[in-house]
Amino acid sequence: MSIDDRIRKRASFKIPVLIFGAAMTLFYLILGAMLLLNSAFLPGIPETFRHIFAVMLLVYGLYRGWRVYADVKP
């Protein structure tokens, strides 16, 4: 059993880790959506880089959300 598995299985760490994971998932998804949809948000970034970074944030947010969901399932 790896260290990550042992940490996830411990009851004392499970709830705070799930809350933090869900909060970070929301953060990545909201930041990606803001960069993609609102051109006035962080205006110093060129549009091409802004869209690439926004898509990367959205994909990573979905991946984090899937990991949180997988950790909740028994």
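The model is predicted. The protein chain has 3 helices and 0 strands. Read from the N terminus, its elements run α-α-α. Of its 74 residues, 19% count as buried.

**Overall picture**

- The accessible surface of the chain is about 5700 Å². Carbon and sulfur atoms account for 73% of that surface.
- Take the contacts between residues at least 6 apart in sequence: 58% of them join residues at least 24 apart.
- Helix H2 covers residues 11-37, and helix H3 covers residues 47-72. A loop lies between H2 and H3, and Ile 45 is in it.
- Val 59 and Gly 32 show how sequence and space can be compared. They are 27 residues apart in sequence, and their C-alpha atoms are 8.9 Å apart in space.
- Val 59 lies in helix H3. Its relative accessibility is 52%, so Val 59 counts as exposed.

- Where is Arg 64? Arg 64 sits in helix H3.
- Arg 64 is buried, yet it has no salt bridge. The nearest side chain of opposite charge belongs to Asp 71, 8.4 Å away.
- Which residues does Arg 64 contact, leaving aside its neighbours within four places in sequence? They are Phe 20, Gly 21, Met 24, Thr 25 and Tyr 28.
- Arg 50 is also placed in helix H3. Arg 50 is buried and has no salt bridge. For Arg 50, the nearest side chain of opposite charge is Glu 47, at 7.1 Å.
- Not counting residues up to four places away in sequence, Arg 50 touches Leu 35, Asn 38, Ser 39, Ala 40, Phe 41, Leu 42 and Ile 45.

**Aromatic rings**

- How many aromatic pairs does a search of the whole structure find? The search finds 4.
- One of them joins Tyr 28 and Tyr 60.
- Is Tyr 28 buried or exposed? Tyr 28 has a relative accessible area of 17%, so it is buried. Buried means under 20%.
- Tyr 60 has a relative accessible area of 36%, so Tyr 60 is partly exposed.
- Tyr 63 and Trp 66 also pair, with centres 6.3 Å apart. Their planes are at 35°, so this pair is tilted.
- Tyr 63 and Trp 66 are 3 residues apart in helix H3, so about one helical turn separates them.
- Tyr 63 is partly exposed because its relative accessibility is 40%. Trp 66 is exposed because its relative accessible area is 52%.
- Which residues do ring pairs link into a cluster? The cluster holds Phe 27, Tyr 28, Tyr 60, Tyr 63 and Trp 66.

**A nonpolar patch and the loop**

- Leu 42, Ile 45, Phe 49, Ile 52 and Met 56 form a nonpolar patch on the surface. Together they have about 490 Å² of accessible area.
- Leu 42 lies in the loop between H2 and H3. Its relative accessible area is 43%, so Leu 42 is partly exposed.
- Leu 42 has a positive phi of about 50°, although it is not a glycine.
- Ile 45 is partly exposed because its relative accessibility is 34%.
- Two residues of this patch, Leu 42 and Ile 45, are also touched by Arg 50.

Definitions and conventions
Residues are numbered from 1 along each chain as its sequence is written. This is a predicted model: local features need pLDDT of at least 70, side-chain atom pairs count only at pLDDT 80 or more; totals for chains, interfaces and linings use all residues. Side-chain values use heavy atoms; hydrogens and water are left out. Helices (H or I, at least four residues) and strands (E, at least two) are DSSP runs, numbered from the N terminus. Buried means under 20% relative accessible area, exposed over 50%, partly exposed in between (1.4 Å probe, protein chains only). Lys and Arg count as positive and Asp and Glu as negative; His and the chain ends are not counted. A salt bridge is a side-chain nitrogen of Lys or Arg within 4 Å of a carboxyl oxygen of Asp or Glu. Contact means heavy atoms within 4.5 Å. Patches are made of residues with over 30% relative accessible area and no salt bridge: like charges are joined within 9 Å, nonpolar side chains (Val, Leu, Ile, Met, Phe, Trp, Tyr) within 5 Å. Accessible areas come from the Shrake-Rupley method with a 1.4 Å probe; for residues, only the protein chains shown count as cover. Rings of Phe, Tyr and Trp (its six-membered ring) pair if their centres lie within 6.5 Å; planes under 30 degrees apart count as stacked, over 60 as edge-to-face and the rest as tilted.
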